[in-house]
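We will go from stop to stop, picking a few residues each time and looking at what surrounds them.

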Amino acid sequence: MKKIGIIGAGASGLYAAVNLKNENNHVTILEKNSEIGKKILMTGNGRCNITNGKYYDGFLDNIVTNKKFIYSAFNLCDNYASIEFFENNGLELVKEDDDRIFPKSQRAEDVLSFFEKLIIEKNIKLVTDAEVLDVKKTDKFLVKTLKKEYQFDYLIIATGGLSYPNTGSSGDGYNFARDFGHSITKLRPSLVPIFFKDNDLLAIKALSFEKIGMKLICDNGSISELGPALITKNFITGPSVLKISSVAINENIKEILLDFVCKNFDQLDSEIIELLNENPKKDVVNILKEYIAEALCPIILRRSRVDLSKKASQLTRKERHSIIENITNFKLIFDRFGGFNTAVITKGGVDVDEINPKTMESKKVSGLYFIGEILDIDGLTGGYNLQLAFTSAYAAARAIKEKL
């Protein structure tokens, strides 16, 4: 009976194991942590955005890096195949905004329970607290941990990237890949918050917006995004921010512009004129509360050089236009993108030119496979990266089973 080793019990490693195990093989998962799927518990704010329900082209449009590489594997296991797999094995799912798919229970823990159940049912050997120290190949793969050395006929490396290092993502898989002669493309944090330098927001704790316009002014033009966001005293985050960061991570950012109301200048001007005329004795700062968060109102007025005690009837046309400009083009001084400790995923990884796109097998070492975040593939936020993990895992599992 052939022995298959999987290094890493994250999304890709677990999905590979439960799709690979049958009566013709023996599967062992080696996990450095004391528990499986630590990063799964963090996804979707603890609810686990397990995949996305967009149809074929719509889904692939959200893959940022090496989209063509994933075509063959995606045709073997697309998002709907994964949805069917989870539901057929007892995990109820639900679709939410932007076609994001979550467990119906809204609990990431239930996704882990799903995998734990299948691991037991399929008699997969799971070894936790098993940090891999060294990997090499003679006639078989020799995998050395602190406590034991294992021999495998096939080896899947599913160690993840560098994002969220507190989950155990230390980049050791890249070292294993290099030891086997593989190239690693530049590694960068992706899907990260954006930090700014402005001091006039220091008193703000956290402001949440259902929809905000965001534009990054770069050397080569601008990049825009619209969607939910959260602003704190020194950084901005949220789905729209994570999305724009993935595209702009390599750009030289000069300035950040925020639009708090997403209305054109003339429309907003007309609405504010009407409110001012209806409330001539009211403070302008209180009128602004109709449009933006209360904590931002004094900041907007100060930036517009308008006295906080000014009445509506006293506001000049020039001051009104300055206020509208600051509401629709609120400028922030770009500081930096968040690091790996705040990154949802790692951009970069094992060079996919050295990987068979249909099987995820190394072109350099027979029987060696790379799946999930360790590969130089990534997508936007919204369930796409977990699906990339599942898709690459299935491709490797299927290819190995066909060899047995």
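Two strands count as paired if DSSP finds at least two bridges between them. Helices (H or I, at least four residues) and strands (E, at least two) are DSSP runs, numbered from the N terminus. This is a predicted model, in which local features need pLDDT of at least 70, side-chain atom pairs count only at pLDDT 80 or more, and totals for chains, interfaces and linings use all residues. Residues are numbered from 1 along each chain as its sequence is written, and side-chain values use heavy atoms, with hydrogens and water left out.

**Stop 1: the parallel sheet**

Start with the open sheet of five strands, which pair in parallel in the order E7-E2-E1-E11-E21. To find them, select 125-127 for E7, 25-30 for E2, 2-7 for E1 and 154-157 for E11, then 368-370 for E21. E7 and E21 are the edge strands, and each pairs on one side only. From one strand to the next, the twist averages 20°; here axes are lines fitted to C-alpha atoms, for helices over the stretch in contact, and angles run from 0 to 180 degrees between N-to-C directions.

Zoom in on the pairing of E11 with E21, which is parallel and has three bridges. Show Leu155 and you will find Leu368 of E21 opposite.

Now pick Thr28, in strand E2. Is Thr28 buried or exposed? At 3% relative accessibility, Thr28 is buried (buried means under 20% relative accessible area, exposed over 50%, partly exposed in between, with a 1.4 Å probe and protein chains only). Contact means heavy atoms within 4.5 Å. Beyond its neighbours within four places in sequence, Thr28 touches Ile4, Gly5, Ile6, Lys125, Val127 and Phe152.

**Stop 2: a helix on the sheet**

Select residues 11-20, helix H1. How many residues of H1 are buried? Ten of the ten are, so H1 is largely enclosed by the rest of the structure. Among these buried residues are Leu14, Tyr15, Val18 and Leu20. H1 packs on the sheet, where it touches E1, E2 and E11, and its direction makes about 165° with that of E2.

**Stop 3: two loop asparagines**

Most residues other than glycine have a negative phi, and most peptide bonds are trans. With that in mind, select Asn45, in the loop between E2 and E3. Asn45 is not a glycine, yet has a positive phi of about 55°. Its relative accessible area is 78%, and Asn45 is exposed.

Next, select Asn123, in the loop between H5 and E7. Asn123 also is not a glycine and has a positive phi, of about 60°. Asn123 is exposed, at 61% relative accessible area.

**Stop 4: a three-stranded sheet**

Another open sheet has the order E3-E6-E5, with antiparallel pairing. Strands E3 (51-52) and E5 (93-95) are at the edges with a single partner strand each, so one side of each has no neighbour in the sheet. Select 100-103 to see E6, which runs antiparallel to E3 and is joined to it by two bridges. Asn52 faces Arg100 of E6 across this pairing.

**Stop 5: strand E17 and its partners**

Select 253-259 for strand E17, where five of the seven residues are buried. Strand E14 (residues 207-218) runs antiparallel to E17, with six bridges between them. Strand E18 (residues 330-332) is also antiparallel to E17, joined by three bridges.

**Stop 6: a helix pair**

Finish with helices H8 (residues 265-278) and H11 (residues 317-328), which pack at about 125° with their axes 10 Å apart. H8 and H11 are therefore oblique to each other (angles under 35 degrees count as roughly parallel, over 145 as roughly antiparallel, 65 to 115 as roughly perpendicular and the rest as oblique). Show the side chains where they touch, including Phe265, Leu268 and Ile272 of H8 and Arg320, Ile324 and Ile327 of H11.
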